[in-house]
Structure formats: structure tokens, C-alpha cells
Amino acid sequence: MAGQNDWTVGNLYPSPGGIGGFWKQPDPGGLVYPQQVRASSDYLSVKPFSELTGSFIGSCGHSFNQVYVFREYDYDNDVSVALLCCNLCGCVQRTISPFEAALMGNEGSLQNALLYP
Ligand SMILES: [Zn+2]
């Protein structure tokens, strides 16, 4: 089977547009817009409080507590791959291959990838 990867680490998946199709990434591998609200330390005001309170901050600049996992194919290495993506925009944060390895309880697993980024 011949083909070309339509995903890259650090960039939106699916590309362009990411999840929902409306995200913008001016620089490849850089921040994805719109960004979330930055911190306000003024607890007593009506200013928006920070949305950056998740466990993980992605290369896209978003904050999240869990990743989206997509099954894809890596044509360069001829193996299936699990794409671990920001669950807002879909920016690919890292990969695990073969895909099945993400589901196992070993050092290449999804659980390990989240615990030891
Ligand atoms: Zn994101």
C-alpha cells in the first residue's frame, strides 16, 4: 500500500483546520489560535479566569486533561500509529506505534505517555 502521511507531530490533525475545521496555526509546529484565556489573578473581579488549568499544556498552547487518540497509518515506517492529540484543536502531541502498543500496559503505552511526557 503506497501513500503519504497526512499528519505530522506538532501540527493540526486533520489538517488543515484541526477538529471542527476552524483552528488556525500560522507557524507550523507553533501555537494554535484561538488561544484560551490567560490567567487573571484578580479573584474578586468579573474578568475571565484562566482556562489554562488542565493537567497538560500542548505544543499548541492549549490546556487539557485528556488526549484524543486517533488511529492512523505511518507510511514512512510502514506501521500503524496512535496519534495523541490535543482534545481542543487536534494538534498532534506525540505518537505511539504500532497502534496496539498504546493499549498495552508496557513502557510504550498511552498511560505511560501521559504520566511521563
Ligand atoms: Zn490544542
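**A walk through the chain**

Analyst: Start with Pro-28, which sits in the segment before strand 1 (56–57). Strands here are DSSP runs of E with at least two residues, helices are runs of H or I with at least four, and both are numbered from the N terminus. This is a predicted model, in which local features need pLDDT of at least 70, side-chain atom pairs count only at pLDDT 80 or more, and totals for chains, interfaces and linings use all residues. Residues are numbered from 1 along each chain as its sequence is written.

User: Is Pro-28 buried or exposed?
Analyst: Pro-28 counts as exposed because it has 10 C-beta neighbours inside 10 Å. The rule is that a residue is buried if 20 or more other C-beta atoms lie within 10 Å of its own, exposed if 12 or fewer, and partly exposed in between, with C-beta atoms placed from the backbone.

User: Zooming out, how many helices and strands are in the chain?
Analyst: The chain has one helix and five strands. Along the sequence the pattern reads β-β-β-β-β-α. Its C-alpha atoms fill a box of roughly 60 × 30 × 20 Å along the principal axes. Of the 117 residues, 21% are buried.

User: Which strands make up the open sheet?
Analyst: The open sheet has three strands in the order 3-4-5, with antiparallel pairing. Two strands pair if DSSP finds at least two bridges between them. Strand 3 and strand 5 are the edge strands, each pairing on one side only.

User: How many bridges join strand 3 to strand 4?
Analyst: Eight bridges join strand 3 (residues 67–74) to strand 4 (residues 79–86), and the two run antiparallel. Val-67 has Cys-86 as its bridge partner in strand 4, and Asp-74 has Val-79. The hairpin of these strands has four residues between them, and Asp-78 takes a positive phi near 60 degrees there.

User: What about strand 4 and strand 5, how many bridges there?
Analyst: Four bridges join strand 4 to strand 5, also in an antiparallel run. Ala-82 is partnered with Ile-96 in strand 5. The hairpin here has five residues between the strands, and its Gly-90 takes a positive phi near 95 degrees.

User: Why is strand 4 called largely enclosed?
Analyst: Six of its eight residues are buried, so strand 4 is largely enclosed by the rest of the structure.

User: Changing topic: which residues touch the most other members of the largest nonpolar core?
Analyst: That core has 19 residues, and Leu-83, Cys-85, Cys-86, Cys-89 and Cys-91 touch the most other members. Strand 4 and strand 5 (92–96) each supply at least two residues, and strand 4 gives the most, with six. A nonpolar core means a set of buried Ala, Val, Leu, Ile, Met, Phe, Trp, Tyr and Cys residues joined through C-beta atoms within 7 Å.

User: Stay on Leu-83. What does Leu-83 touch?
Analyst: Leaving out residues up to four places away in sequence, Leu-83 touches Trp-7, Tyr-13, Val-69, Phe-70, Glu-72, Val-92 and Thr-95. Contact means C-beta atoms, placed from the backbone, within 7 Å. Thr-95 also stands opposite Leu-83, in strand 5.

Terms used
Two residues are in contact if their C-beta atoms, placed from the backbone, lie within 7 Å.
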